[in-house]
Amino acid sequence: MAPRRRGKPPRHFADLTAAERVASVEAMGEKAFRAKQLATHYFTHFTSDPEQMTDLPAATRAELATTLFPSLLRATRTLTADGGTTVKTLWHLFDEARVESVLMRYPHRSTLCVSSQAGCGMACPFCATGQLGLTRNLSTAEILEQVRAAMRSLAEGEIPGGPTRLNNLVFMGMGEPMANYKAVIEVVRTLVAEPPSGFGMSARNITVSTVGLVPAMRKLADEGIPVTLALSLHAPDDDLRSELVPINTRFGVDEALDAARAYFDATGRRVSIEYALIKDMNDHAWRADLLGKKLNARGRGWVHVNPIPLNPTPGSIWTASERSVEDEFVARLRGHGIPTTIRDTRGSDIDGACGQLAAEEEDE
Ligand code: SAH
């Protein structure tokens, strides 16, 4: 395998298709079945440590593992909340770019929030990541390594509550997943592939969240993988949405909602509308009514709304809506017949909640 591509992370086993895995093992003078052994270690036992691959001859082990499993992520800090059941990890990448992922364990499920880019180019003013600008896209393996680390941690019982499995994965960490389409769709394919080719997750338990990059949303609909799509709307009118989600000047509210509805038609998956409730900004009752109207204009039963009280970010003048205003917003939407559930804001005390990931180093 090519060692390091200029400016790009080293190529990793998890970047490869099944056929490429076999080819690279053979290129190293090994039998094809070694690829399956390696895949089993990686995707079933969540390990890339040669020491643990005792079904491979010792000499081959070291060579295969060091070539095919270069270290891509280095955990430099972990913060926990909720009695250890919420864990935010700061990762350094090969070029010292930084990203974060957040693992959340609930009584009956566990969810990982992964980053798809270092920083983000979408510049939403209420989002901490949006203030950083884009450093670069993550590679397929850099994203999958976040997943493997979480799966390993859960399997080994590192999270209070005993060993368990990862149930849900959300692309709601740093970055705009639809702006890193190629890597993200490869990640999705590998997440849903049956072990030992992939992690064997169910597509419906994977959520791709987007600011509304319409061409990519339409492409995703054609992939034939029914992941859940979340559209970060935050306002039902173009004037305000263009302020909150600047890409709205390219793909407006109606265009984004049409693409969301088309996603439902293609996949049968109910789309989530994300709506951060910002005090006196987008939380007016009339905006709830307008949103309900625009959603219903596109049919019934295809969408639900997930309002979330804004998580404050450093330097922002905005705060979360009052509780009574939030309740009224939800009641209005429900009045229009739109299923609406407030999203929880786990991890806000460790800056691990939605919109708070900024990959900050410890204070000097
Ligand atoms: N770029 C993608 C995914 C990352 S953010 C997207 O925008 O959808 C995941 C969700 O958190 C998005 O809905 C985003 O709008 C929301 N979010 C960002 N900043 C937030 C904040 N300060 N409080 C609450 N939600 C926020």
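Predicted model: local features only at pLDDT ≥ 70, side-chain atom pairs only at ≥ 80, totals over all residues.
**Ligand site**

I started with the ligand: 21 residues sit around it, and Phe 126, Ser 209, Ser 232, His 234 and Asn 311 come nearest.

Ser 232 puts a polar side-chain atom 2.5 Å from a ligand oxygen. For His 234 I also get 2.5 Å between a polar side-chain atom and an oxygen of the ligand. With Thr 210 the backbone takes part: one of its N or O atoms is 3.3 Å from a ligand oxygen. Then I checked burial: the ligand taken alone exposes 530 Å², and the protein buries 96% of that.

Strands S8 (206-210) and S10 (271-277) each supply at least two of the shell residues.

Most peptide bonds are trans, and most residues other than glycine have a negative phi.

Pro 195 and Pro 196 are joined by a cis peptide bond, with omega about 5°. I find Pro 196 in the loop between helix H5 (181-192) and S8, and S8 is one of the strands that supply the ligand shell.

Asp 82 has a positive phi, near 50°. I place Asp 82 in the loop between strand S1 (74-81) and strand S2 (86-92). Its relative accessible area is 40%, so I log it as partly exposed.

Glu 96 also isn't a glycine and has a positive phi, about 70°. Glu 96 belongs to the loop between S2 and strand S3 (98-105). At 41% relative accessible area, Glu 96 goes down as partly exposed.

How values were computed. Residues numbered from 1 in each chain as written. Heavy atoms only, no water. Near = heavy atom within 4 Å. Polar contact = N/O pair within 3.5 Å; in protein donor to acceptor, adjacent residues only side chain to side chain. Areas by Shrake-Rupley, 256 points an atom, 1.4 Å probe, with all protein chains shown as cover. Helix = DSSP H or I, 4+ residues; strand = E, 2+ residues; numbered from the N terminus. Buried < 20%, exposed > 50% of the residue type's maximum accessible area, 1.4 Å probe, protein only.
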